[in-house]
Amino acid sequence: MILMYFFETYLDTRQHSALKLPTLPKTLEGVISQEKFEKSRAYSLEKSHFHFVHEFVTILMDSAILFFRVLPWFWKKSGDFVVLAGLNAENEILHTLAFLAGVMIWSQITDLPFSLYSTFVVEARHGFNKQTIWLFFRDMLKGICLMAILGPPIVAAIIVIVQKGGAYLAIYLWGFMFVLSLVMMTIYPILIAPLFNKFTPLPEGPLREKIEKLASSLNFPLKKLFVVDGSTRSSHSNAYMYGFFKNKRIVLYDTLIQQCKNDEEIVAVIAHELGHWKLNHTMYSFVAVQILTLLQFGGYTLVRNSSSLFQSFGFDTQPVIIGLIIFQHTIIPVQHLVSFALNLVSRAFEFQADAFAKALGYAASLRAGLVRLQEENLSAMNTDPWYSAYHYSHPPLVERLAAIDEETKKTD
């Protein structure tokens, strides 16, 4: 954990140096205005400074929790709380829920100052934050309530599966998480997302007609087209699609519509997103995650009964949830390697989706749209190659524009 912190801090330092460069990359000269570059540079540097502080405090707290064996102490105290509440502490589900409730409260308290500073200082200073303090805490309360409602049955199911799973434990755990992911993907946009944002149908007009025509030309089963009020919280922009089989939906942030110069730029962004669907990128990514989840549970089954592993973290019992937490800590380096590999694949998919949109005749509009979104979101203009290779799931703008221009030259 500490070695990973030093490695990632080294990459952060490289990126910080790149952000301090006073000039635009040559590819973006004459494309990005000097005013936008200066604003982007100031925003990125402030976020970088904040990130250094946040990560340093986080590693100090995590190290202290491990060194002073806070987790085993807190596990025992949560058992005492269950008894105090007149319940049976021998019931692992009740004990675990009490433990996780305490962990959640601790996480909310320790993360709150950073969330407030990030939202109401950093984001507000650069013109992005649009939410009030009341809306901030209302969202936080809604999130806590959702965890309190959804968390207990999920945790209880995992504990029962581990206790009863036997030789096929890894498969049972994976099967449960697979079904859970499908359920969450189904109910999140319908029941959960509307708790935080307002979704309204995109009004009839040229933009809607162009998107529907594009979707129809690709046989994309578009059922609903929404605009979400992202501007109530932030001026950052985005667009995404979701849904199974013949029930697909596309969601546009109202900020995206406001920021793009014309409908063609918006449609080009949608063409890029539809490229992911047409090229099966979403399915490939989902399958990859399922395989990795199964392998992870397989690894967990190999160590879950290791009393020496539990004892090394200060536990004299072997609770299911603690075993999962310890296992996650022990495979942190592997998780980072896997994340790096997935980012490589994701960046390749982004280039392919750009090429797909370009093949549909949206090269110029996509190029203009990408530049517009980069400017409006004040995204980093200068990026360190090591940092971006390790962290970015999307290629830097310089690389995406170069790829679009290169493909255009080949076509010409």
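Over the ring of which residue does the charged end of Lys142 sit? Select Lys142 together with Phe196, and you will find the charged end of the lysine over the phenylalanine ring, 5.8 Å from its centre. Bear in mind from this stop onward that the model is predicted.

Next, turn to the aromatic pairs, of which the structure holds 23. Begin with Tyr43 and Phe128, whose ring centres are 4.9 Å apart and whose planes meet at 45 degrees, so the pair is classed as tilted. Because Tyr43 belongs to helix α2 (residues 34-67) while Phe128 lies in the loop between α4 (92-125) and α5 (133-164), the pair ties together parts that are 85 residues apart in sequence. Tyr43 is buried, with a relative accessible area of 2%, and Phe128 is buried as well, with a relative accessible area of 2%.

Now select Phe199 and Phe226, an edge-to-face pair with 6.3 Å from centre to centre and 80 degrees between the planes. Phe199 is in strand β1 (residues 199-201) and Phe226 in strand β2, so that this pair links distant parts of the chain, 27 residues apart. Phe226 counts as buried, at 13% relative accessibility. For a grouping of rings beyond a pair, display Trp73, Phe74, Trp75 and Phe99, which form one aromatic cluster.

The following stop is the largest nonpolar core, which has 37 residues, and Ile211, Leu214, Ile250, Leu252 and Ile270 are those with the most contacts inside it. Colour α7 (206-217), β2 (222-228), β4 (248-253), α9 (263-278), α13 (332-376) and α15 (397-411), each of which supplies at least two residues of this core; α13 gives the most, with eight residues. Centre the view on Leu214 and, leaving aside its neighbours within four places in sequence, look for its contacts with Val267, Ile270, Ala271, Leu274, Leu360 and Tyr362. Apart from this core lies another, of 22 residues, among which you can pick out Ile161, Leu173, Tyr300 and Ile321.

Finish at Gln290, a residue of helix α10 (residues 281-303). Is Gln290 buried or exposed? Gln290 counts as buried, because its relative accessibility is 10%.

How values were computed
Residues are numbered from 1 along each chain as its sequence is written. This is a predicted model: local features need pLDDT of at least 70, side-chain atom pairs count only at pLDDT 80 or more; totals for chains, interfaces and linings use all residues. Side-chain values use heavy atoms; hydrogens and water are left out. A nonpolar core is a set of buried Ala, Val, Leu, Ile, Met, Phe, Trp, Tyr and Cys residues joined through side-chain atoms within 4.5 Å. Buried means under 20% relative accessible area, exposed over 50%, partly exposed in between (1.4 Å probe, protein chains only). Helices (H or I, at least four residues) and strands (E, at least two) are DSSP runs, numbered from the N terminus. Contact means heavy atoms within 4.5 Å. Rings of Phe, Tyr and Trp (its six-membered ring) pair if their centres lie within 6.5 Å; planes under 30 degrees apart count as stacked, over 60 as edge-to-face and the rest as tilted. A charge sits over a ring if NZ of Lys or CZ of Arg is within 6 Å of the ring centre and within 35 degrees of the ring normal.
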